[in-house]
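Here are my notes on the model, kept brief. Please read them with the structure open.

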Amino acid sequence: MDEAYLIVHNTNYSNNITLFGNKIVCEYCNLEKLTMVAPNKNHTLIIDTNYAYDLEVHSSISNITLLCKFISYKFNEHGTYVLNFVHNASLESRCTIEQIGNLSSYSTPVILGILFVIVYTVLVQLWKHIDYRRYFKHFHRLLNENLNRTRPNLSQGINISDETTAPDTVDTTNHVPKSQSRMKRLRSLDTFRGFSLMVMIFVNYGGGGYWFFDHSTWNGLTLADLVFPWFTWMMGVSIVLSQRSLRLKNVRKRTMLWKICRRTIILILLGLCEQPHLMKFKDLRFCGVLQRLATCYFFTAILVLIFDKDVKPDTTSSSADDYQREQSLRIELYRNIFQYWLQWLFVILLVIIWILITFLLHVPDCPTGYLGPGGKHNHEKYWNCTGGVAGYIDRLILGKSHLYNEPTCKEIYSTKIPYDPEGILGNLTGILLCYLGVQAGHIFIHSTRVSRICLQWFAWSIICGCFGLGLSQGGQSDSWIPINKNLWSLTFVFTLASLAFLILPILYLLVDVRQWFTGAPFVWLGMNSIAIYMCHGLFGVSFFVQFDVKNTHAAQLAMNLYGAFFWSLIAGLMYHKKVFIAI
């Protein structure tokens, strides 16, 4: 899997030739010697086909003599390639690479996998439609005639984030009734969360062995890099809706604070429990996915708890609706943004602190402001500078033994020191990402029309996208602030928030407003996300979910899709049995 044969021919050249090469994903790395071929001989070597190569052919008399080169040459899986170096009597040399034999269908399993997910989703929609028409037709008619009645709340807690609540009914004509004493779950947010969880399960199980379904080596984005930040953003949306629901019930702030602290502690403990070395303190990884979520949740929830205004629970629905419909866009924008200026001030202060620490704090034996992976990067000048300031702070405070020892840059850049992508410094930008989700929640609760909600979410998507692409100069690695998941860089946070602001209004229109899509099967996972997340990691192998299969992309992809499909069925069973595990 992910290999090809390269046959190097040295034809009519009186000296040995040396082939040097480097994967282009290894940025600013020295070319490494791949093979040496004697005159009129050939040599076969195995090439990794995940990434393109820069290749150079040198004369072995003097390795500084460049005979020919290839820039960003991509080898295809299971291919056989012949590199011919020909030197004729006129002292002219020529290099060619020719592909011989048949190639494997590299992308076919991916296309079939996407079709499987689409067909599975469509079948679930059809099943629900047929089921409702056959067995619940009378109930469905009564429900349509009484849209303004309260729908029972099926959950009393939260999943990975807080309990997501929303207005009881959504008027598809354009108005959003704001009867503030009646709230229900925002199904589009549960759908978004469930979709992210399904993708996370798929990539955690291996993603079919495809490089683009794995985390990026250092800079850049892949599918696996998207889901965790989306959870952080959605958690911010849920914080606003959950606390608003509690305020409507006249719950005291002291009780809300206790709930925040309890959930934070539980998330941290769950994060520690999913580690295989739990009983060995010297190997315990202090940072992790759930620990990062707990930290961002705690500080953002406290911020909202302190500065969000209390809601009067005795406001009648009719007067509230009339007031909201007469509200101008200027007042709406003030309610959405400017009345929370103290919250924004705190978040902007955290961003400034992140910038100052990242670019001004001196790291021994490393250049100030270094954001690279260390190791072979930048021609091996900064071998022990992995992660710059972020890695240095973690190693200094937490110690090397408590950090992640298999960073994504290790294989390509041959790094020697541990680096944790969920380290201490990334919590600052993580809180920013979570608060951008809070902003989405504020827009939802204060806007009076569906069109205004969606337009403002789209506007924030553009704003965040401009910041992300602008500071990264269009996603370039050699930019002011590269898009980097390992660092949770500022551009990474803005880019992922931009995508989240884009996806949520689309799902909101499809699921909550027009109700063209029920959200299943993703909503099943979204309603029990913490339980499914923990189970897929703890019982993924021993619970008959993943098996040993052939080392091919087709077999690996089928097995990893089966894992995601399996847990979606478990979540669907829990959903229909009204079993919701919350913290």
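Are D420 and R285 buried or exposed? Point 1 takes this up.

1. This is a predicted model. Both D420 and R285 are buried. Their side chains meet in a salt bridge, at 2.7 Å from N to O. The partners come from distant parts of the chain, 135 residues apart. D420 sits in the loop between α12 (410-413) and α13 (426-446). R285 sits in the loop between α5 (253-273) and α6 (289-307).

2. Next, K485 and E422. These two form a salt bridge, with the closest N and O atoms 3.3 Å apart. Again the link joins distant parts of the chain, 63 residues apart. K485 is in the loop between α14 (450-471) and α15 (490-513). E422 is in the loop between α12 and α13.

3. Burial of that second pair. The cut-off for buried is under 20% relative accessible area. K485 has 8%, so K485 counts as buried. E422 has 5%, so E422 is buried too.

4. The two pairs should be read together. R285, D420, E422 and K485 are linked in a network of salt bridges. Anyone setting up charges will want to look at these four residues as a group.

5. How many salt bridges does the structure hold? The count is seven. One of them joins the side chains of K23 and D48, at 2.8 Å from N to O. K23 lies in strand β2 (residues 17-23) and D48 in strand β4, so this pair ties together parts that are 25 residues apart in sequence.

6. Are K23 and D48 buried or exposed? K23 has a relative accessibility of 17%, so K23 counts as buried. D48 has a relative accessible area of 18% and is buried as well. Both values can be set against the 20% cut-off.

7. Now the sheet that contains β4. This is an open sheet of four strands, in the order β4-β1-β7-β8, and the pairing is mixed. Its edge strands are β4 (42-48) and β8 (93-100), each of which pairs on one side only. Direction ignored, neighbouring strands of this sheet are turned by 20 degrees against each other on average.

8. Finally, the pairing of β1 with β4. Strand β1 covers residues 3-11. In which sense does β1 pair with β4, and over how many bridges? The sense is antiparallel, and there are seven bridges. Within this pairing, H9 stands opposite N42 in β4.

Definitions and conventions. Residues are numbered from 1 along each chain as its sequence is written. This is a predicted model: local features need pLDDT of at least 70, side-chain atom pairs count only at pLDDT 80 or more; totals for chains, interfaces and linings use all residues. Side-chain values use heavy atoms; hydrogens and water are left out. Two strands pair if DSSP finds at least two bridges between them. Helices (H or I, at least four residues) and strands (E, at least two) are DSSP runs, numbered from the N terminus. Axes are lines fitted to C-alpha atoms, for helices over the stretch in contact, and angles run from 0 to 180 degrees between N-to-C directions. Buried means under 20% relative accessible area, exposed over 50%, partly exposed in between (1.4 Å probe, protein chains only).
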